[in-house]
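Here's a quick walk through the model below, from overall build down to individual contacts. Have the viewer open as you read.

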Amino acid sequence: MEKDKKLGLFSLTALVITSSIGAGIFNISGDLASGAAAGPAIIAWIIVGFGILMLSLSFKNLLLKKPELNGIFSYAEDGFGQFGGFISGWGYWLSAWLGNVAFATMLMSTLSYFFPIFGNGQNVASIIGASIIMWALTYIVNRGVEEAAIINTVVTIFKLIPIFLFIVIGIVAFKVDLFTNHFWGNISTNFNLSDIFSQVKNCMMVMMWVFVGIEGASMLSSRANKKSEAGRATILGLIGLFTIYVLASMIPYGVMSKVELSKLATPSMAYILKDIVGPWGAAFINVGLIISISGAWLSWTMLPSETTLLMARSKLLPKIFGKVNGAGAPTFSLIITAVLTQLFIFTFLFTDKAYQFAYSLCTAAILVCYLFVGLYQFKISYLNRHEKGEIKQIIIGLITVIFETWAIVVSGLNYTLLCLIAYIPGIVFFAMARKENGEKKLLSKTQSILTTLIVIGAIYVIYQLAIGKITI
């Protein structure tokens, strides 16, 4: 029997913030400097901030208009049918546990600062350490989602302290002349539109990665005191996140040169603070990163299991995914997700860039989910276009669709294509659920056509991998 405990505005807002602030912010300075100067990075932040604001307003509007819907996939299902709901839900689930793999890689790499046995975060010791932590977090969430969310709120407070300290010290050490030197990446007075656009594109993947999790309150809206609080939490979380991200990523351009920033080891925030205050700065930031990743990993252990649970209740997955224990936690879903995460952790031994590969796939998968949110926002607002205020909602939905489509293309279309491979086993589960719920055909005619296209796409990307046109 599920418990009656509900999440309030503060817990939901903390969930949004901590779900997004994981490993990305601690290395964002180095990641951005590798592809862009200060000027293009500011332009990219304006574009991304506006796009994510439109997405957040879409979430807020949908939570108020469709309070009966739970989970990000439910918008795609209600607006575009069962298969649309499955595509969105499976993509979100895939994104969440791939994000956990990225967290695992970065966490073990950070721990190696204090414990050299973990090397670069991708050796045997790292695999063992990451596996122990992953199963421990699974155990915590299995004892109850609400209890885990409370732990998450406490973690949020403690992990923000080193970030705020970094920002304050960075402001004190900030040099305006250094910030404005080579502002556009070449000669500071030479504004080349083509070069600027290229640098803006280079920022997109890392900027979208740090905002993954903005939907955290929406995903757990069924456990909120009020649906309206989940919507408010999303907006409040966005405001907090955007402020923190811009300060943490732009201040370093006034502390070190772009070239110096791009050459820093991971996490770059630690070595920037070390350059300002000495060795204790790196240690302090690394401790903060360990806490930060632990909190984000905890959040993202909750979110994928909550997705499969809700999908099962919507008959998009077999019923076993929807079974819960006495604490209201979806044990089967948690175990399946943990097993797949475990298998992917073993790839640490076979790739040199596990972190970048995992977070790129994670981001690509969730952008499709966000696109469905924008499409649904546009659809229901258009259907109600004669009502007061709906023209504004139509515009919000249209901008969201345009932004998410653009983000998918410029962030790396190859990663989106790679995700098609992971959809094939999901479609098998979807067909099993249809049979389990009395459908005569495993897939409808339209679903069969779409499945065929997905399979063709998956075969194509496998071929591209085989001939070396796509590398991982």
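## Overall build

The radius of gyration used here is taken over C-alpha atoms, and the globule rule is 2.2 Å times the number of residues to the power 0.38. With 472 residues, a compact globule would come out near 23 Å, and the protein has 22 Å, which agrees. Along the principal axes, the C-alpha atoms fill a box of roughly 70 × 50 × 50 Å.

A bit of bookkeeping: this is a predicted model, so local features need pLDDT of at least 70 and side-chain atom pairs count only at pLDDT 80 or more, while totals for chains, interfaces and linings use all residues. Residues are numbered from 1 along each chain as its sequence is written, and side-chain values use heavy atoms, with hydrogens and water left out.

On secondary structure, the protein has 17 helices and zero strands. Helices (H or I, at least four residues) and strands (E, at least two) are DSSP runs, numbered from the N terminus. As for burial, 58% of the 472 residues count as buried. Buried means under 20% relative accessible area, exposed means over 50%, and partly exposed is in between (1.4 Å probe, protein chains only).

Start with helix 15, residues 354–383. Its 30 residues at 1.5 Å a residue should span 44 Å, and the end C-alpha atoms are 44 Å apart, which agrees. (The expected span is 1.5 Å times one less than the number of residues.) Helix 15 is also mostly covered, with 24 of its 30 residues buried.

Just after helix 8, Gly213 takes a positive phi of about 120 degrees.

## Salt bridges

How many salt bridges does the structure hold? There are three, counting a side-chain nitrogen of Lys or Arg within 4 Å of a carboxyl oxygen of Asp or Glu.

Glu390 pairs with Lys65, with the closest N and O atoms 2.5 Å apart. This pair links distant parts of the chain: Glu390 sits in helix 16 (residues 390–436) and Lys65 in helix 3 (residues 38–65), 325 residues apart. Glu390 counts as buried at 6% relative accessibility, whereas Lys65 is partly exposed at 29%.

Next is Lys66 with Asp78, where the closest N and O atoms are 3.9 Å apart. Lys66 is in the loop between helix 3 and helix 4 (72–111), and Asp78 is in helix 4, 12 residues apart. Lys66 is partly exposed at 23% relative accessibility, and Asp78 is partly exposed at 41%. Finally, Arg434 bridges to Glu439, with the closest N and O atoms 3.8 Å apart. Arg434 counts as buried at 7% relative accessibility, while Glu439 is partly exposed at 39%.

## A nonpolar patch

Which residues make the nonpolar surface patch of about 650 Å²? Phe10, Ile157, Phe158, Ile161, Trp280 and Phe284 do. Patches are made of residues with over 30% relative accessible area and no salt bridge; like charges are joined within 9 Å, and nonpolar side chains (Val, Leu, Ile, Met, Phe, Trp, Tyr) within 5 Å. The accessible areas come from the Shrake-Rupley method with a 1.4 Å probe, and for residues only the protein chains shown count as cover.

Helix 6 (145–173) and helix 13 (279–313) each supply at least two residues of the patch. Helix 6 gives the most, with three. Ile161 is in helix 6, and it counts as partly exposed at 45% relative accessibility.

Is Met134 buried or exposed? Met134, in helix 5 (residues 124–142), is buried with a relative accessible area of 3%. Met134 and Val101 are 33 residues apart in sequence and 9.4 Å apart in space, C-alpha to C-alpha.

Ile239, found in helix 10 (residues 227–250), is exposed, with a relative accessible area of 51%. The C-alpha atoms of Ile239 and Gly89 are separated by 26 Å, and the two residues are 150 apart along the chain.
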